[in-house]
Amino acid sequence: MTENKFSKYLLYALGEIVLVVIGILVALYINNQNDIHKDRVRELSYLENIKADLKLNIVEMDKFLAVRNKNIQSAAKILEHFDGKPIEDYTAFNQLGVGIYNWQKFYMSNKTFQELVNSGNLAAISNVSIKNQLLDIDGLYIKMKSEEDHYRFDTEKLIYEPLYEMMDLNPLVQNYTFQASNGQSGRDVELTPEYFNAYFKSTKLKNGFVMTILELETMNGQMQQLKDQSEALIVSIDEEMKVDR
């Protein structure tokens, strides 16, 4: 081979190598972009599901806040009678305590968040602010569940136990059931002042209603904070999803 031809072949070979390298880089870039797109689609799906969970929680929290506020008012009215206010309607008085006796725990819908945590995919949420908001909401929920456990303990010790020990609950239950069912079940039992003598002499029971107000107000404050944080997270998710529109 002459020197001139060798140079041409060398340039050709180098050109082929450059083309192969460029082809490989383009293929890697396309694959990387496809992976990024797939990850983004998955992330947006997670965000949509988180948003749906939050909306369900907000509706449920509104219900709980309304019921607990009503129970706070009922406990306050019951305490007025402990302090001497006469009872004009014992059937109505009986109904004041029912919501307090039958209180319920709040359970947050957080399946999507739990899936992210349990699968180790929390990193799929690229927006650091959204990730931190999710963790803050989870932390507040855990704190709220602890307060619920505290309230349950006080309710069992200060309300349920005294009632079970000193009163025949059957007339209360029959009367309430009759009123709630519009006479379809239960019995229209007459509740007399004498029936509640031990009730209003129990300091333990009175303290139970005092703690009901204190702890329900605490839980409502936590729940309102949880609702506010949930609404703020929905706004953040909406802003994040606008990026792809």
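Ala, Val, Leu, Ile, Met, Phe, Trp, Tyr, Cys and Pro count here as nonpolar, Asp, Glu, Lys and Arg as charged, and the others, Gly among them, as polar. The model is predicted, so local features need pLDDT of at least 70 and side-chain atom pairs pLDDT 80 or more, while totals for chains, interfaces and linings use all residues. Residues are numbered from 1 along each chain as its sequence is written, and side-chain values use heavy atoms, without hydrogens and water.

**View 1. The second largest cavity, with a volume of about 40 Å³.** On a 1 Å grid over the protein atoms alone, a cavity is a set of points where a 1.4 Å probe fits but cannot get out, and lining residues have an atom within 4 Å of a point. Grid points are joined across faces, edges and corners, and a volume is the space filled by probe spheres set on them. The lining includes I78, F93, G97 and F196. By class it has six nonpolar, two polar and no charged residues.

**View 2. The largest cavity, holding about 100 Å³ of space.** Helix 1 (3-82) gives the most to this lining, with four residues; helices are DSSP runs of H or I, at least four residues long, numbered from the N terminus. Six nonpolar, four polar and two charged residues make up the lining.

**View 3. The largest pocket, with a volume of about 250 Å³.** A pocket is an open set of points with protein on both sides within 12 Å along at least five of seven lines. Among its lining residues are N94, Y160 and Y176. Helix 5 contributes the most, with four residues.

Terms used. Helices (H or I, at least four residues) and strands (E, at least two) are DSSP runs, numbered from the N terminus.
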